[in-house]
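Here is my note on the model you sent. Please keep the structure open while you go through the points.

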Amino acid sequence: MFNDETGFSKKMLLAGLLAGSIFFSSALTKGAQGNDKTVAAQPASAASIASPVPRGTASPPAVAKSQRGADFYRKRWGIDNIIVRATASGVLIRFSYRVVDAEKAALINDKTKPPYLIEEKTGLALQIPAMEKVGQLRQTAKPEDGREYWMAFSNKSKFIKPGSRVDIVIGSFRINDLVVE
């Protein structure tokens, strides 16, 4: 009889541990999902001003590493919300920005100035591809305040990956040390 009680108590102990681990696991999952929702609910403008990288994220913050850096780009070049992101499965690298001062940002949209995306470690320079029917993958219209603009650089070799540090050069316009998202 003693052996039966011991077997029964072991089974009850195992069942209790299993139920507890399932409960604890689902509670952790729900907590993590709640954290993702709060991060996703932040406005896009807050993303342009970098903050420490939250735990669990692989990529460092976008361009401006400080409020001072964001102010510099705004005052010098008339742009903010600067983002460099790998798109189309990494075959294109998209550089996007929002214009806050159209006069200062005019140089960035100048058709006569070829843009380059330069990988910092190797010096590899990517250009904007020109498609037969579409033309260059770049917006060259006269900039307007409050509008977002973009250009896409060809990365066929997929040499530049998320986390790579790059510079953008368009004539005398230059932004250094951008991190690809």
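This is a predicted model: local features need pLDDT of at least 70, side-chain atom pairs count only at pLDDT 80 or more; totals for chains, interfaces and linings use all residues.

1. The buried side of helix 3. Helix 3 spans residues 67-77. Its buried residues include A70, Y73 and W77. These three cover an arc of only 75° around the axis, so they sit on the same side of helix 3. The cover over the buried residues of helix 3 includes strand 1, helix 4 and strand 9.

2. The other face. Just after helix 3 comes G78, with a positive phi of about 75°. Check that backbone angle when you look at the end of the helix.

3. The largest nonpolar core. It holds 28 residues. Which of them touch the most other members? They are I79, F95, Y97, L117, F153 and F173. Several elements give two or more residues to this core, among them helix 3, strand 1 (79-87), strand 2 (92-99) and helix 4 (102-105).

4. I79 in detail. Leaving aside residues up to four places away in sequence, I79 touches Y73, R74, Y97, R98, V99, V100, A105, I108, F173 and I175. Y73 in that list is one of the buried residues of helix 3. Y97 and F173 are, with I79, among the core residues that touch the most other members.

5. K104. This lysine lies in helix 4. K104 counts as partly exposed because its relative accessibility is 37%, between the 20% and 50% cut-offs. Beyond four places in sequence, K104 touches K75, R76, W77 and G78. Its side chain reaches the backbone oxygen of K75 at 2.6 Å. K104 and G78 are 26 residues apart in sequence, yet their C-alpha atoms are 5.0 Å apart in space.

6. S164. Is this serine buried or exposed? S164 is buried, because its relative accessible area of 14% falls under 20%. S164 is placed in the loop between strand 7 (148-154) and strand 8 (165-170). The S164 side chain reaches the backbone oxygen of K161 at 2.9 Å. Not counting residues up to four places away in sequence, S164 touches E119, L178, V179 and V180.

Conventions: Residues are numbered from 1 along each chain as its sequence is written. Side-chain values use heavy atoms; hydrogens and water are left out. Helices (H or I, at least four residues) and strands (E, at least two) are DSSP runs, numbered from the N terminus. Buried means under 20% relative accessible area, exposed over 50%, partly exposed in between (1.4 Å probe, protein chains only). A polar contact is a pair of N or O atoms within 3.5 Å; within protein, one must be able to donate a hydrogen and the other to accept it, and residues adjacent in sequence count only if both atoms are side-chain atoms. Contact means heavy atoms within 4.5 Å. A nonpolar core is a set of buried Ala, Val, Leu, Ile, Met, Phe, Trp, Tyr and Cys residues joined through side-chain atoms within 4.5 Å. The arc is that of the directions from the helix axis to the C-beta atoms.
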